[in-house]
2 protein chains.
Amino acid sequence: MNPTITAFERSPDRGNGLARDMRVRWALEEVGQPYEVRLLSFKAMKEPAHRTLHPFGQIPTYEEGDLALFESGAIVFHIAERHAGLLPGDAHARARAITWMFAALNTVEPPIFERSLAMILERDEPWYEQRLGALEDSIRKRLGDLSRHLDDGDWLDGAFSAGDLLMVTVLRRLNGSGMLEEHPNLAAYVARGEARPAYKRAFEAQRAVFTAASS
Amino acid sequence: MNPTITAFERSPDRGNGLARDMRVRWALEEVGQPYEVRLLSFKAMKEPAHRTLHPFGQIPTYEEGDLALFESGAIVFHIAERHAGLLPGDAHARARAITWMFAALNTVEPPIFERSLAMILERDEPWYEQRLGALEDSIRKRLGDLSRHLDDGDWLDGAFSAGDLLMVTVLRRLNGSGMLEEHPNLAAYVARGEARPAYKRAFEAQRAVFTAASS
């Protein structure tokens with residue numbers, strides 16, 4: 001039986017692969033695990049039926065038999081633990097790949113996500129320009145550190161891992177900002193992730209949902 | 001050989017256990033693993049020697065033989081995987097506990113941490129009250145969801161786990177805000193965490209560093 005994930009019926013990013021189901025789809029494609037998708041309206045996400053699966057009323061969730069999970073990072077980790085291809089076999093390399101998963105979500109994503117939110121919610125506030133500048137300063141600090149670490153490597157620590165998968169999805173949210181391009185190695189890193197066949201299949205699958213909803 | 005972690009030589013929270021080494025200390029105490037601590041000045045944290053351990057120039061790090069990790073969530077997970085006591089043995093319960101680790105760090109912590117930052121960096125801005133109000137609205141949404149999920153349970157999913165350990169450290173950052181007390185079950189949950197003998201040992205150990213630095 002294939003696992004079932006949830007996704008937006010109509011993603012606010014217009015099918016650009018920024019919603020967090022993209023990470024889970026990509027991980028499932030990397031390991032060759034077929035999956036089902038249940039689409040949810042914004043209203044349905046906040047209803048009790050979905051809240052029993054996701055206490056914070058968000059997407060994605062993951063159901064597999066009587067196991068139900070939420071949080072994209074945890075779902076990607078669950079997939080990575082059960083299939084080859086997303087975590088190295090060597091114990092030390094595996095621990096470092098997991099470190100990058102947490103670094104992507106807890107150190108790099110927060111200011112990047114905050115910037116996206118501020119651009120939607122605070123655009124008309126008196127503090128907007130100054131706040132955006134402060135957020136971009138924090139982001140640039142993280143990007144500088146990350147670029148220095150990546151150096152001329154293809155991936156963050158040896159072979160492609162779930163840590164790269166999460167980091168690429170986090171960095172993609174800067175598309176159009178010009179900030180990634182200040183570090184050519186980071187722009188190339190994101191492009192390297194997007195060029196993976198599994199990424200492309202996942203991207204097309206989530207885009208098809210948006211296209212269908214809009215037609 | 002005991003693992004070595006890094007911590008602030010002089011923690012900006014004045015020994016209140018909010019720095020992220022507290023999570024790692026608590027996890028090590030829960031599993032009964034002795035550890036060494038290397039203290040770092042703010043200057044030393046940004047120097048190349050430390051950056052080879054932590055690309056973002058922060059604390060804590062974790063060194064054990066030739067393994068070097070960073071990110072408190074990843075270090076807690078590493079400890080939890082290698083010792084009994086922080087993750088359930090049952091595969092489904094284990095996956096759910098890991099879900100709560102990610103939920104603590106990626107869903108609940110960001111607005112709480114933003115609030116702390118704003119209270120330091122934006123206090124004198126003309127928009128401070130309005131911005132603080134917006135952040136507290138986001139935090140209250142998360143707390144309401146979390147309180148509803150916790151209900152009358154002792155912990156987030158059955159027995160105490162690494163998910164609770166991280167969530168308690170995240171929620172403690174609201175001490176003094178009055179927001180936790182709006183949900184008596186959450187205030188009791190945090191108190192339950194703080195009452196654990198391992199928590200108390202970890203707290204005293206990090207406080208002793210600040211006390212020594214200030215005397």
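These legends describe close-up views of a predicted model.

**View 1. Packing of helix 6 of chain A against helix 8 of chain A.** Helix 6 covers residues 128–150 of chain A and helix 8 covers residues 184–194. Their axes are 9 Å apart and meet at an angle of about 75°. Helix 6 of chain A is therefore roughly perpendicular to helix 8 of chain A. On the helix 6 side the contact is formed by A:L143, A:L146, A:S147 and A:L150, and on the helix 8 side by A:N185, A:L186 and A:Y189. Sorted by class, this contact holds 5 nonpolar and 2 polar residues, with no charged residues.

**View 2. The side of chain B that touches chain A.** Chain B and chain A each put 31 residues into the contact. On chain B, at least two residues each come from strand 4 (67–70), helix 4 (72–82), helix 5 (91–121) and helix 6 (128–150). Helix 5 of chain B gives the most, with 12 residues. The class counts for this side of chain B are 16 nonpolar, 8 polar and 7 charged residues.

**View 3. B:A162 in the largest nonpolar core.** This core has 104 residues, and A:A162 and B:A162 are those with the most contacts inside it. With neighbours within four places in sequence left aside, the contacts of B:A162 are B:A27, B:V76, B:F77, B:A80, B:L86, B:L87, B:A97 and B:M101. In soluble globular proteins, nonpolar side chains tend to be buried together.

**View 4. Domain 1 and domain 2 of chain A.** The domain assignment gives 4–85 + 198–214 as domain 1 of chain A and 91–196 as domain 2. A distance of 21 Å separates the C-alpha centres of the two domains. The contact between them involves 12 residues of domain 1 and 11 residues of domain 2. On the domain 1 side, helix 1 (21–31), helix 4 (72–82) and helix 9 (197–214) of chain A are the elements that give two or more residues. By class, that side of domain 1 has 9 nonpolar, 2 polar and 1 charged residues.

**View 5. A:L117 in helix 5 of chain A.** The helix that holds A:L117 spans residues 91–121 of chain A. A:W26 is 91 residues from A:L117 along the chain, and the C-alpha atoms of the two residues are separated by 24 Å.

Definitions and conventions: Residues are numbered from 1 along each chain as its sequence is written. Chains are lettered from A and ligands numbered from 1 in the order in which they are written. This is a predicted model: local features need pLDDT of at least 70, side-chain atom pairs count only at pLDDT 80 or more; totals for chains, interfaces and linings use all residues. Axes are lines fitted to C-alpha atoms, for helices over the stretch in contact, and angles run from 0 to 180 degrees between N-to-C directions. Helices (H or I, at least four residues) and strands (E, at least two) are DSSP runs, numbered from the N terminus. Angles under 35 degrees count as roughly parallel, over 145 as roughly antiparallel, 65 to 115 as roughly perpendicular and the rest as oblique. Two residues are in contact if their C-beta atoms, placed from the backbone, lie within 7 Å. Ala, Val, Leu, Ile, Met, Phe, Trp, Tyr, Cys and Pro count as nonpolar, Asp, Glu, Lys and Arg as charged, and the others, Gly among them, as polar. A nonpolar core is a set of buried Ala, Val, Leu, Ile, Met, Phe, Trp, Tyr and Cys residues joined through C-beta atoms within 7 Å. A residue is buried if 20 or more other C-beta atoms lie within 10 Å of its own, exposed if 12 or fewer, and partly exposed in between; C-beta atoms are placed from the backbone. Domain bounds come from an automatic or database domain assignment.
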